[in-house]
Amino acid sequence: MRRYLIALSLIASIVGIAGTATANMQIVVASGCSGAQATTIGNAATTATTWAGNTINNIATNTAAILTNSWAPYTTWFGAYDAGRLTRVNNVMGSISTKLTSSANLVVNCPADGTPPCDEIGDIAATVLDQDGDVEMWFCTTFFTLPPSAGYDTQAGTVIHEFSHAVGGTDDLEYGTQQAQWLATNNPAFAVVNADNYEFFNEDIN
């Protein structure tokens with residue numbers, strides 16, 4: 001299932017506004033989303049906002065354990081302690097939290113299956129940061145079948161994943177929990193730039 005970054009800088013053509021706020025961000029419907037879908041997206045973004053703040057606090061609280069490789073959630077998703085990698089994780093999570101609590105717009109689209117960027121079976125979402133600082137996201141049909149916040153591969157986790165692309169500079173090197181854990185164990189330098197690792201880390205501790 002693909003969640004990914006669109007490597008373009010776009011400005012949304014805003015055609016409607018849903019009355020849904022997520023923290024300080026405003027959900028702005030650009031195309032295709034019903035009211036119910038906009039509400040679902042808003043709820044996911046609100047949960048993601050809470051998660052991002054909680055995760056930053058959890059990292060701070062467990063820093064001593066991270067330094068000794070004894071906090072399992074961190075080592076599971078980001079591998080053995082390294083000062084540079086921990087700084088990278090803190091910076092990504094800080095960027096996500098800052099954007100989610102900013103006054104920027106979250107511009108959302110709900111394209112039909114088979115239309116870009118939802119053109120492959122199992123596509124979930126895609127994102128781009130536009131030149132005005134707003135975040136634009138495309139939510140595919142599969143997104144609305146995911147659990148809101150329980151377990152892995154959730155709606156809230158997808159928002160974390162996409163924001164890590166938009167403002168954290170992450171990439172999609174591997175997908176899925178097994179491959180993300182493999183990166184953490186075998187190539188932690190890649191784990192800290194892989195979007196799924198941030199998603200699963202947040203889902204693990206929230």
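**Disulfides**

I looked for disulfides (pairs of cysteine sulfur atoms within 2.5 Å) and found 2 in the structure. This is a predicted model, in which local features need pLDDT of at least 70 and side-chain atom pairs count only at pLDDT 80 or more, while totals for chains, interfaces and linings use all residues. Residues are numbered from 1 along each chain as its sequence is written, and side-chain values use heavy atoms, with hydrogens and water left out.

I took the link of C33 and C110 to start with; the S to S distance is 2.0 Å. I noted 95 degrees about the S-S bond, a right-handed link. C33 sits in the loop between β3 and α1 and C110 in the loop between β4 and β5 (125-129), so I have distant parts of the chain linked here, 77 residues apart.

Buried or exposed, I wondered about C33? C33 counts as buried because its relative accessibility is 14%, and buried means under 20% relative accessible area (exposed is over 50%, partly exposed in between; 1.4 Å probe, protein chains only). C110 is buried too, at 10%.

Next I checked C118 and C140, whose sulfur atoms are also joined in a disulfide, 2.0 Å apart. This link is left-handed, with -85 degrees about the S-S bond. C118 is in the loop between β4 and β5 and C140 in the loop between β6 and α5 (155-168), so the pair ties together parts 22 residues apart in sequence. I found both C118 and C140 buried. With the bonded cysteines numbered in sequence order, I get the pairing 1-2, 3-4.

**Strand β4**

I then turned to β4, residues 105-109, where 4 of the 5 residues are buried. Helices (H or I, at least four residues) and strands (E, at least two) are DSSP runs, numbered from the N terminus. Strands pair if DSSP finds at least two bridges between them.

Which strands does β4 pair with? I see β3 (residues 25-31) running parallel to β4, joined by 5 bridges, and β6 (residues 135-139) pairing with β4 in the parallel sense over 4 bridges. L106 in β4 is the bridge partner of I27, and V135 in β6 is the bridge partner of L106.

**Helices α1 and α4**

Last, I looked at α1 (residues 35-61) and α4 (residues 83-100), whose axes come within 9 Å and cross at roughly 145 degrees. The axes are lines fitted to C-alpha atoms, for helices over the stretch in contact, and angles run from 0 to 180 degrees between N-to-C directions. Among the residues in contact (heavy atoms within 4.5 Å) I listed A45, A48 and I56 of α1, and L86, V89 and M93 of α4.
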